[in-house]
Amino acid sequence: LIVAALNENWQISADQLPAQAEWHRTIYKTTPAQAILLSQPAAGTAVAHQPALLDLSFLPAVSSSVGGVGTCPPQIARITEMAAQTRVLLVQGVGVLAWAENLEQAIANVETVDRLCEIILATKK
């Protein structure tokens, strides 16, 4: 974990922040997020790599239960746009980006969406 401020000129515990630090900053600035998690669960990352597979009709309540699910390329403008509509993003070539009121909820949302992605992938076999 790296502690960094919303102000890009201040940080502790790292000489250089990862490329995704700007994603975190934009989400914190444009949403009520209090926690953000970027992870690579296997099924979620696989569906992120093939965004056409994301079919929310398998479990329609999942999207509303996590605050919205979407896919997008790893571009700050698209992530900023999608952050206004969703709380979980399958980012192509990266993994799953989730935000919530607290870290526990962000983790739970990633686990829920990853399970949906497991079901989607299982039906494609």
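Predicted model: local features only at pLDDT ≥ 70, side-chain atom pairs only at ≥ 80, totals over all residues.
Trainee: How many helices and strands does the protein have?

Mentor: Helices (H or I, at least four residues) and strands (E, at least two) are DSSP runs, numbered from the N terminus. Here there are five helices and four strands. From the N terminus, the order is α-β-α-α-β-α-β-β-α.

Trainee: What percentage of the residues count as buried?

Mentor: Buried means under 20% relative accessible area, exposed over 50%, and partly exposed in between, with a 1.4 Å probe and protein chains only. Of the 125 residues, 40% count as buried.

Trainee: Which strands join to β3?

Mentor: Two strands pair if DSSP finds at least two bridges between them. Strand β2 (residues 69-72) runs parallel to β3, joined by four bridges. V69 has V88 as its bridge partner in β3, and G70 stands opposite L89. On the other pairing, β3 and strand β4 (residues 95-100) run antiparallel, again with four bridges. There, L90 stands opposite V96. The hairpin of β3 and β4 has three residues between the strands, and G93 takes a positive phi near 75°.

Trainee: Are the faces of β3 and β2 buried or exposed?

Mentor: Both faces of β3 (residues 88-91) are covered. V88 and L90 lie on one side, L89 and V91 on the other, and all are buried. In β2, V69 and T71 point one way, G70 and C72 the other, and all are buried too.

Trainee: Which residues have the most contacts inside the largest nonpolar core?

Mentor: A nonpolar core is a set of buried Ala, Val, Leu, Ile, Met, Phe, Trp, Tyr and Cys residues joined through side-chain atoms within 4.5 Å. The largest has 17 residues, and V47, L54, V69, V88, L90, V113 and C117 have the most contacts inside it. Helices α2 (42-49), α3 (60-66) and α5 (103-123), with strands β3 and β4, each supply at least two residues of this core. Helix α5 gives the most, with five. Apart from this core lies another, of 13 residues, among them M82, A83, V91 and V94.

Trainee: What does V47 touch?

Mentor: Contact means heavy atoms within 4.5 Å. Not counting residues up to four places away in sequence, V47 touches L53, L54, L90, C117 and L121.

Trainee: Where does N109 lie, and what is its side chain joined to?

Mentor: N109 lies in helix α5. N109 is buried, with a relative accessible area of 4%. A polar contact is a pair of N or O atoms within 3.5 Å; within protein, one must be able to donate a hydrogen and the other to accept it, and residues adjacent in sequence count only if both atoms are side-chain atoms. The side chains of N109 and Q105 make one of 2.8 Å. Beyond its neighbours within four places in sequence, N109 is in contact with V66, V88, W99 and A100.

Note on methods: Residues numbered from 1 in each chain as written. Heavy atoms only, no water.
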